[in-house]
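Here is a short tour of a protein model, taken one part at a time. Keep the viewer open as you read.

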Amino acid sequence: MTASHHPHDESTTLDSTAHLMNRISSQLASQLSLVSLNGSRRPDPPALVLVAHGSRDPRALSTVRALVERVGELRPGLPVHLGHIELNEPRLPDTLTALGPTDAVLVPLLLARGYHVKRDIPELAAETQARTRVAPPLGPHPLLVETLYDRLVEAGWRTRTDDRTRRSSAVVLAAAGSRDPESKLDTNHTAQLLADRLGVPVIPAYASAAAPTVQAAVRALAARGRHRVAVASCFTAPGRFATQCAEQAPWIASAPLGAHPAMARLVLHRYDQALMTTASTEPELASA
C-alpha cells in the first residue's frame, strides 16, 4: 500500500517557515536600527503613545489594546504605550508620568482635528515631565480610507455592481462631530476620498455637535433616489456614538475601524511624520 501525498502539509510547512523568517528579519532589523554607521549605539527612539478618547463600552478598551499590540508588532524595538483622555485607564498623564522625563510622540486615535487634539491632549501632557510632541490626528489619509473601505466590504458592500445598483447606492460617513470648523473640513475630506474609492456619493454625518445627523443624511440621499444606503463607521473603537449611528442604517453598517492593519500603519506614519517635522525645524530653532 503506497503512502498518500498531502500537499496541504507541504503548504503549511512553507507558511510556517515564511512566518519564522519574517519574525527573524523583523528582529534583525530592530537590532540593526539600534546601531549607527560608525558602530556606536543609536539613542533610543522616542516612545510612541497612542492616545484614545476612552469609552464606557468595554469593547473599546480591548480594541485599542489590540491596535497597540499590532503597532508594536510592526515596529519591533519601539516602545509603544496607551493613554486615555478620559473614562478608561491608563489615563494619559499616568502613562507619561510612568515614562518619566523622556521623549514621547503622542498619536491621537482621533480622526479629525478638534478640541481634543488642540487642547485636551497638550494640556494633559503638560502635567507631566515627559518631553512630548503631538502628532496630527489619523484623518484624513488614504490609509484611513483603506480601512473604511475594507470594513464596508466586510459588512456586505459589493465591490462589483451594475450601473443601476450604483445609481441607487450611497454611503453616510458617520463621525463623532465637533464644533471646530477644521474638524468638519477633515471629515469632508475623508468623505470625498471614500467617494472616489467607491464611485458613489458619500455624505458626512455626525453623532453630536454638528449637522447633519445620520438620519437626516439618509433622508437627503433618499430624496435623491439613493435608497441603498450604507453607514460607514468613522470611529476608532466601539462606543455609544458608533452604536447609535449604526442603528440608523437603512441597509448595512460597517464595524468601527479597530485594529485593522492599515490603522496600525497609519499610526506609525503619524509617529514618523511628527519626528520628521521636529527634525526639520531644529536647525531653525538653533539659529534663532
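What percentage of the 288 residues of the protein chain count as buried? The figure is 43%, where buried means under 20% relative accessible area, exposed means over 50%, and partly exposed is in between (1.4 Å probe, protein chains only).

## Getting started

This is a predicted model, in which local features need pLDDT of at least 70 and side-chain atom pairs count only at pLDDT 80 or more, while totals for chains, interfaces and linings use all residues. Residues are numbered from 1 along each chain as its sequence is written, and side-chain values use heavy atoms, with hydrogens and water left out.

The protein chain has 10 helices and seven strands. Both are DSSP runs numbered from the N terminus: helices are H or I with at least four residues, strands are E with at least two. Now for contacts, meaning heavy atoms within 4.5 Å. Among those in the protein chain with a separation of 6 or more, 75% are between residues 24 or more positions apart.

Look for an open sheet of three strands, in the order 6-5-7, with parallel pairing. Two strands pair if DSSP finds at least two bridges between them. Strand 6 and strand 7 (228-233) are the edges, each pairing on one side only. From one strand to the next, the twist averages 30°; axes here are lines fitted to C-alpha atoms (for helices over the stretch in contact), and angles run from 0 to 180 degrees between N-to-C directions.

Strand 5 (residues 169-175) and strand 6 run parallel and are joined by five bridges. Val172 stands opposite Ile203 in strand 6, and Ala175 has Tyr206 as its bridge partner there. Along with helix 7 (residues 181-198), strand 5 and strand 6 make a right-handed β-α-β unit. Right-handed means that, with the strands pointing away from the viewer, the path from the first strand over the helix to the second runs clockwise.

How many of the five residues of strand 6 (residues 202-206) are buried? Five of the five are. Val202, Pro204 and Tyr206 point one way, and Ile203 and Ala205 point the other way. In a regular strand the side chains alternate between the two faces of the sheet.

Helix 5 (residues 142-155) lies across strand 5 and strand 7, at about 130° to strand 7. Helix 8 (residues 214-223) lies across strand 5, strand 6 and strand 7, and runs at about 165° to strand 5.

## Two nonpolar cores

A nonpolar core is a set of buried Ala, Val, Leu, Ile, Met, Phe, Trp, Tyr and Cys residues joined through side-chain atoms within 4.5 Å. The largest one has 51 residues, and Leu48, Leu50, Val171 and Leu194 have the most contacts inside it. Helix 10 (residues 261-287) gives the most to this core, with eight residues. Apart from it lies another core, of 15 residues, including Ala174, Ala205, Val214 and Cys245.

Leaving out residues up to four places away in sequence, Leu194 touches Val145, Leu148, Tyr149, Leu152, Val171, Leu173, Val202 and Ala232.

## Cysteines and a histidine

Cys245 counts as buried because its relative accessibility is 4%, and Cys234 is buried too, at 6%. With a disulfide taken as a pair of cysteine sulfur atoms within 2.5 Å, the count comes to zero.

Last stop: His269, in helix 10. His269 and Ala135 are 134 residues apart in sequence, and their C-alpha atoms are 9.6 Å apart in space.
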